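Subject: Structure for your files

Dear colleague,

Here is the structure I said I would pass on. My notes on it follow below.

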Amino acid sequence: MNWQRDMSLRDLDDSAVLEATCLRCTYMWLQSPVQLLIKVSHRDVRLCEVAENLACPRPGCRHVGVRLALIKKQDTSGFVGGMP
């Protein structure tokens, strides 16, 4: 089991961004979960299914199959405690 099989597309927050990389030409693009939900036929699609069926938007490639990475656009705060 990996994180893509455990998480469905509708579980992602609107502030999250998916980085998709084509497996053939290594073209990289960013997509929001809302953009992908518009393209799929049902809402319970898993991220592994999205990675297997997403086509590369680069002209001339159109390969089906990408590598997905999850990017969160939230501020990260450091640890606010510790040694004097």
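S1 and S2 pair in the antiparallel sense, over 4 bridges; two strands count as paired if DSSP finds at least two bridges between them. Leu-18 stands opposite Gln-31 of S2, and Met-28 in S2 is the bridge partner of Thr-21. The hairpin of S1 and S2 has 5 residues between the strands.

Before the rest, the conventions. This is a predicted model, in which local features need pLDDT of at least 70 and side-chain atom pairs count only at pLDDT 80 or more, while totals for chains, interfaces and linings use all residues. Residues are numbered from 1 along each chain as its sequence is written, and side-chain values use heavy atoms, with hydrogens and water left out.

Overall

The secondary structure comes to 3 helices and 3 strands, in the order α-β-β-α-α-β along the sequence. Helices (H or I, at least four residues) and strands (E, at least two) are DSSP runs, numbered from the N terminus. The protein has 84 residues, of which 30% count as buried; buried means under 20% relative accessible area, exposed over 50%, and partly exposed in between, with a 1.4 Å probe and protein chains only. The accessible surface comes to about 6,100 Å², and 51% of this surface belongs to carbon and sulfur atoms. These areas come from the Shrake-Rupley method with a 1.4 Å probe, and for residues only the protein chains shown count as cover. Among contacts with a separation of 6 or more, 62% are between residues 24 or more positions apart, where contact means heavy atoms within 4.5 Å.

The average pLDDT (the predictor's confidence in each residue, from 0 to 100) is 86, and 85% of the residues score at least 70. Confidence is lowest in H2, with a mean of 87, and highest in S2, at 95.

The strands

S1 also pairs with S3, in the antiparallel sense and over 7 bridges. S1 is largely enclosed by the rest of the structure, because 6 of its 7 residues are buried. Thr-21 lies in S1 and is buried, at 11% relative accessible area. In S3, Arg-67 is the bridge partner of Thr-21. Leaving out residues up to four places away in sequence, Thr-21 touches Thr-26, Tyr-27, Met-28, Val-66 and Arg-67.

S2 (residues 28-31) has a covered face, made up of Trp-29 and Gln-31, and an uncovered one with Met-28 and Leu-30. In a regular strand the side chains alternate between the two faces of the sheet.

The core

Which residues have the most contacts inside the largest nonpolar core? They are Leu-9, Trp-29 and Val-66, in a core of 16 residues. The elements that give two or more residues to this core are S1, H3 and strand S3 (66-72). A nonpolar core is a set of buried Ala, Val, Leu, Ile, Met, Phe, Trp, Tyr and Cys residues joined through side-chain atoms within 4.5 Å. Apart from residues up to four places away in sequence, Leu-9 touches Leu-18, Pro-33, Leu-36, Leu-37, Val-45, Leu-47 and Val-50.

The salt bridge

A search of the whole structure finds 1 salt bridge, that is, a side-chain nitrogen of Lys or Arg within 4 Å of a carboxyl oxygen of Asp or Glu. The side chains of Arg-10 and Asp-44 form it, at 3.1 Å from N to O. The pair links distant parts of the chain, 34 residues apart: Arg-10 is in the loop between helix H1 (3-6) and strand S1 (16-22), and Asp-44 is in the loop between helix H2 (33-39) and helix H3 (47-53). Arg-10 is partly exposed, at 46% relative accessibility, and Asp-44 is partly exposed too, at 45%.

Backbone points to check

Most residues other than glycine have a negative phi, and most peptide bonds are trans. Thr-26 is not a glycine, yet has a positive phi of about 60°. Thr-26 sits in the loop between S1 and S2 and is exposed, at 56% relative accessibility. Arg-62, also not a glycine, has a positive phi of about 55°. Arg-62 is in the loop between H3 and S3 and counts as exposed, with a relative accessibility of 53%.

Regards
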